[in-house]
Amino acid sequence: MSVHDAVVQFVLIVIPVVLLALIDGFDFTGRA
Amino acid sequence: MFAAHFAAALAIKDRAPRAPAWALLTGAFVPDLLWIPLAALGVEPTARAVFFDDWSHSLLTTIAWATLFAAIFWRRGAAVAVAVWLAVFSHFLLDLPIHPKPLALYPHSAVHLGIGLSQVDRATYWWVQLAVLAALTLLYVQGARRQQVPARLVAASALVVLSLHLLMR
């Protein structure tokens, strides 16, 4: 895997993680 | 599997509301987040003929990664640590039926696990993923309703996960 492919793969994971965490209320401490 | 990993993390979140969403979502991708640099370095080659991802994805190493990642959250309580552990281990369970190569018991093990679906065609794989994704999203929605998460947030999360799957077509 090239470095470019690695970066793409990483971004494909990180962007949804950030997006879903934001939707959840940027919940860094837990909801309860 | 791709989008289903996110759905699994969300489903776990609703059953462990004290666990941070970012930790569960990241945890669900720990094997892939390890695989990316290992593949880029050539430790885990990605060419079909020599595909190898035992260090990032085998059963025993996934248990180890799950335990190490969950340990980071131990101070938040056992329930949170267990939820994070499950999020990481869910990656193995979801990859088990279909993966480029059957998952190994441990690195370089002759024993491989799976149910023989590794060679299905791309279209079938996409539909299988959709079915798994739908089941996990239903679990998430049920749990979110019990937790009284606002409906618009549940819908937004479900839409993001489904969109990710559609983008992977």
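Within chain B of this predicted model, confidence is lowest in strand E2 (residues 112-113), at a mean of 88, and highest in helix H5 (residues 59-71), at 98; the score used here, pLDDT, is the predictor's confidence in each residue, from 0 to 100. Chain B has a mean pLDDT of 92, with 98% of its residues reaching 70 or more, and the model scores ipTM 0.84 and pTM 0.90. Residues are numbered from 1 along each chain as its sequence is written, while chains are lettered from A and ligands numbered from 1 in the order in which they are written. In this predicted model, local features need pLDDT of at least 70 and side-chain atom pairs count only at pLDDT 80 or more, whereas totals for chains, interfaces and linings use all residues.

**Overall form of chain B**

- Chain B has eight helices and two strands, where helices (H or I, at least four residues) and strands (E, at least two) are DSSP runs numbered from the N terminus.
- Read from the N terminus on, the elements of chain B follow the order α-α-α-α-α-α-β-β-α-α.
- The radius of gyration of chain B is 16 Å, which agrees with the value near 15 Å that a compact globule of 169 residues would have; the radius is taken over C-alpha atoms, and the globule rule is 2.2 Å times the number of residues to the power 0.38.
- Along the principal axes, the C-alpha atoms of chain B fill a box of roughly 50 × 40 × 25 Å.
- Buried residues make up 44% of the 169 residues in chain B; a residue is buried if 20 or more other C-beta atoms lie within 10 Å of its own, exposed if 12 or fewer, and partly exposed in between, with C-beta atoms placed from the backbone.
- Of the contacts in chain B with a separation of 6 or more, 62% join residues 24 or more positions apart, a contact being two residues whose C-beta atoms, placed from the backbone, lie within 7 Å.

**Where the two chains meet**

- In the interface, 19 residues of chain A are in contact with 24 residues of chain B.
- The side of chain A that touches chain B divides into 13 nonpolar, three polar and three charged residues; Ala, Val, Leu, Ile, Met, Phe, Trp, Tyr, Cys and Pro count as nonpolar, Asp, Glu, Lys and Arg as charged, and the others, Gly among them, as polar.
- Helix H1 of chain A (residues 3-23) has 21 residues that should span 30 Å at 1.5 Å a residue, and its end C-alpha atoms are 30 Å apart, which agrees; the expected span is 1.5 Å times one less than the number of residues.
- The buried residues of H1(A) are A:Pro16, A:Val17, A:Leu20, A:Ala21 and A:Ile23, and they pack against helix H1 (3-15), helix H2 (21-27) and helix H8 (151-167) of chain B.
- Just after H1(A), A:Gly25 takes a positive phi of about 100°.

- H1(B), with 13 residues, reaches 19 Å from its first C-alpha to its last, close to the 18 Å expected.
- Twelve of the 13 residues of H1(B) are buried, and these buried residues pack against H1 of chain A together with H2, H6, H7 and H8 of chain B.
- The largest nonpolar core has 55 residues, of which B:Phe6, B:Ala7, B:Ala8, B:Leu24, B:Val84, B:Ala87 and B:Val88 touch the most other members; such a core is a set of buried Ala, Val, Leu, Ile, Met, Phe, Trp, Tyr and Cys residues joined through C-beta atoms within 7 Å.
- Helix H6 (residues 78-95) of chain B gives the largest share of this core, eleven residues.
- Not counting residues up to four places away in sequence, B:Ala87 touches B:Ala8, B:Ala9, B:Ile12, B:Leu24, B:Gly27 and B:Ala28.

**Individual residues of chain B**

- B:Trp65 lies in helix H5 and counts as buried, because it has 23 C-beta neighbours inside 10 Å.
- Leaving aside neighbours within four places in sequence, B:Trp65 is in contact with B:Val30, B:Pro31, B:Leu34 and B:Val88.
- B:His108, in the loop between strand E1 (103-104) and E2, has a positive phi near 70° and is exposed, with 10 other C-beta atoms within 10 Å.
- B:Gln148, in the loop between helix H7 (122-146) and H8, has a positive phi near 60° and is exposed, with 8 other C-beta atoms within 10 Å.
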